[in-house]
Amino acid sequence: MKFHHQGYVSGDPRIQPAAGVGIDRPTELPEQVDVLIVGAGPAGMLAAAQLAQFPDIDTRIVERRSGRLEVGQADGIQPRSVETFQAFGFADRIVAEGCLIVETAFWKPDPQAPARIVRTSRVLEDPNGVSEFPHITVNQARVLDYFAEAMANAATRMTPDWGLEFQDLQVADAGDYPVSVTLVHGDGPNKGQTRRVRARYVVGADGAHSRVRGAIGCTPSGDTSNHAWGVMDVLAVTDFPDIRVKCAIQSSHDGSILLIPREGGHMVRFYVDLGDVDPNARATVRQTTVEQTIARAQKIMHPYTLDVREVAWYSVYEVGHRVCDRFDDVLAEHAGQRAPRVFIAGDASHTHSAKAGQGMNVSMQDGFNLGWKLAHVLQGRSPARLLSTYSAERQRIGEDIIAFDKRWASIMAKPPGEAQDASELEQGYLQITEFAQGFMTQYQPSMITGPAQHQALATGYPIGKRFRSARATRVADGAALQIGHEARADGRWRLYVFADKAPAGADSAVKALADWLAQSPRSPVHGFTPAGLDANAWFELKVVYQQEHTAIDLGQVPAVFLPRIGAHGLIDYEGVYATTPGDDIFDVRGIDRQGAMVLVRPDQYVAHVLPLTATEALGDFIAGFALPQR
């Protein structure tokens, strides 16, 4: 964490001084805002936490609930999400609070006595080491609490506006605040009263029955599987040996269970197979009581006993797979003619089953993708057409999630006797693990995702996929760090310069690149960062030399990698790295020894890979999404 650059800080450095719209922030929702977010679920809260980092942007988030969520429906936190939490500064705390999911056990009917279940195998949750972060389970309500804390600690001092329900909106053809939103007070002294708010942009993160989605004419398409599941969080006494292990349990005739251990060491979530649903009598399965679901679970787990002492939460649902054909208010026939003003995210744009742990995780990535783009446009960093990339990128991901979810839900619902072979469940799980963990997302070429012409220079950083961290040693203090963990959700692009073999200070491709970065009007730090801001305010540079840190003289490192920042013009030493003995990032991430540039987006996805000498190509690419500032 970096602080003191604006002067001495004696208190909690996570709490930024109030600035911009955070100074004397009005408690009542104002009549005009830059961004109005509807819905304080995972997608809305992450987008709000991201926008809260920009003091000059007036963002408000409204929620029909009267206060914070107390019992969360989602619980699975995939490693990709934990990486995102790291960018917001609370990964370590939520991991400590959560339940680690290390392996999955598979239980099936005993071939010698099919009425009883036996453990047939175990698999590691991340056998290939895809991420240095774990898979955990934790109450969704706590995830939202952490994002609320990040918002409140930001310079904007943002907090949700509770008890306001969305009614309708209209989008005008012109005006500074073209979106007019009607809200109604759900409780308190103004209960039942409506009010109108005008916004530059609106984000609908208001769930599967989204009214924002309906207001812009988006219709989710898809189907249901006509198969129902009962889900319950319980405190129970049992002799089942894997009660603290994630389990996929298949019985011979009574259905299946997906068992998920929860945080705290005692609570367990059961997804209990309730069987096929009659399409003409869907209400019947909804009336399944928790007692009936417990009884079914007890049958499936025979010969083990299950004595439920307390039920913290219970619900019944059918598996639904739906995704909208667009995630904004621009109709297909108008694409390219105007920029969007209204967006949908999370369950408002895609729904799927809960058993794969994707709902909250994918929804948060919707919010991360959109938040920084709105900030870029509102701050004049990028043209408004940048906002069209949100729907183009996330709608395809929504389709991929539906395809994945259908396959996994089908495998889970299939009785063991119908499996193609005895290991279908295990093999299916292994094949979808990396996707489930959030690491198969790959954005296609666009104004913010380059072509793969030079991909061979950094094979471990596929363009369009998330930037995978690796260890490097900070030269200033010799600390071996995960270089990706240093990035924060502050809206900055990051250019990682992996040096050639020449030492720091020698005439080399890195020195020539540094000169261009410092002087060219087409460089990100000179041409696309406003005068008067810190040189790394919008684009952060990091250089990684091939030598060990003891062989690098900071006095020979080009000044552009040691920028002056803050009120006193202090030197930022945290952008110069060396290789770590025994864990060389060049080898770990397949980086060519001739060097390479890796440009990374604010949401941690690789935008481009280029040779060190490709300054013109870098300038052209940046000019495609960034507006000149000088």
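Predicted model: local features only at pLDDT ≥ 70, side-chain atom pairs only at ≥ 80, totals over all residues.
Asp-24 sits in the segment before strand E1; helices (H or I, at least four residues) and strands (E, at least two) are DSSP runs numbered from the N terminus. Its phi is positive, about 55°, although Asp-24 is not a glycine. Most residues other than glycine have a negative phi. Asp-24 counts as exposed because its relative accessibility is 73%; the classes are buried under 20% relative accessible area, exposed over 50% and partly exposed in between, with a 1.4 Å probe and protein chains only.

Numbering starts from 1 along each chain as its sequence is written. Local features need pLDDT of at least 70, side-chain atom pairs count only at pLDDT 80 or more, totals for chains, interfaces and linings use all residues, and side-chain values use heavy atoms, with hydrogens and water left out.

Now step to His-4. It too lies in the segment before strand E1 (32-38). His-4 is not a glycine, yet has a positive phi of about 80°. Its relative accessible area is 34%, so His-4 is partly exposed.

**Three-stranded sheet**

Select E3, E7 and E4. These three strands form an open sheet in the order E3-E7-E4, with antiparallel pairing. Strand E3 (76-77) and strand E4 (99-101) are the edges, each pairing on one side only. Two strands pair if DSSP finds at least two bridges between them. Between E4 and strand E7 (residues 135-137) there are three bridges, in the antiparallel sense. Show Leu-100: Ile-136 in E7 stands opposite.

**Cysteines**

Stay with Cys-99. Its relative accessible area is 10%, so Cys-99 is buried. Which cysteine sulfur is closest to that of Cys-99? The one in Cys-247, at 11 Å, which is too far for a bond.

Next, pick Cys-324. Cys-324 is buried, at a relative accessible area of 0%. Its closest cysteine sulfur belongs to Cys-218, 5.2 Å away, so the pair is too far apart for a bond. A disulfide is a pair of cysteine sulfur atoms within 2.5 Å; by this rule the count is zero.

**A cis bond**

Move to His-302 and Pro-303. The peptide bond from His-302 to Pro-303 is cis, with omega near 15°. Most peptide bonds are trans. Pro-303 is in the loop that runs between helix H7 (290-300) and strand E16 (306-323).

**A cavity**

Four of 30 Å³ or more are present. A cavity is a set of points, on a 1 Å grid over the protein atoms alone, where a 1.4 Å probe fits but cannot get out; lining residues have an atom within 4 Å of a point. Grid points are joined across faces, edges and corners, and a volume is the space filled by probe spheres set on the points.

Helix H2 (79-88) and strand E21 (493-498) each supply at least two lining residues.

**C-terminal region**

Finally, select residues 441-629. The unreviewed UniProt entry annotates them as "domain: Phenol hydroxylase-like C-terminal dimerisation"; such annotations may be inferred rather than shown by experiment, feature names are shortened, and positions follow the numbering used here. Over residues 441-629 the chain is 13% helix and 20% strand, and the end C-alpha atoms lie 32 Å apart.

Stop at Ala-559, in the loop between strand E22 (539-545) and strand E23 (564-565). Ala-559 counts as exposed because its relative accessibility is 59%.

Conventions: 1 Å grid on protein atoms, 1.4 Å probe; cavity = no way out; pocket = protein on both sides within 12 Å on 5 of 7 lines; lining within 4 Å.
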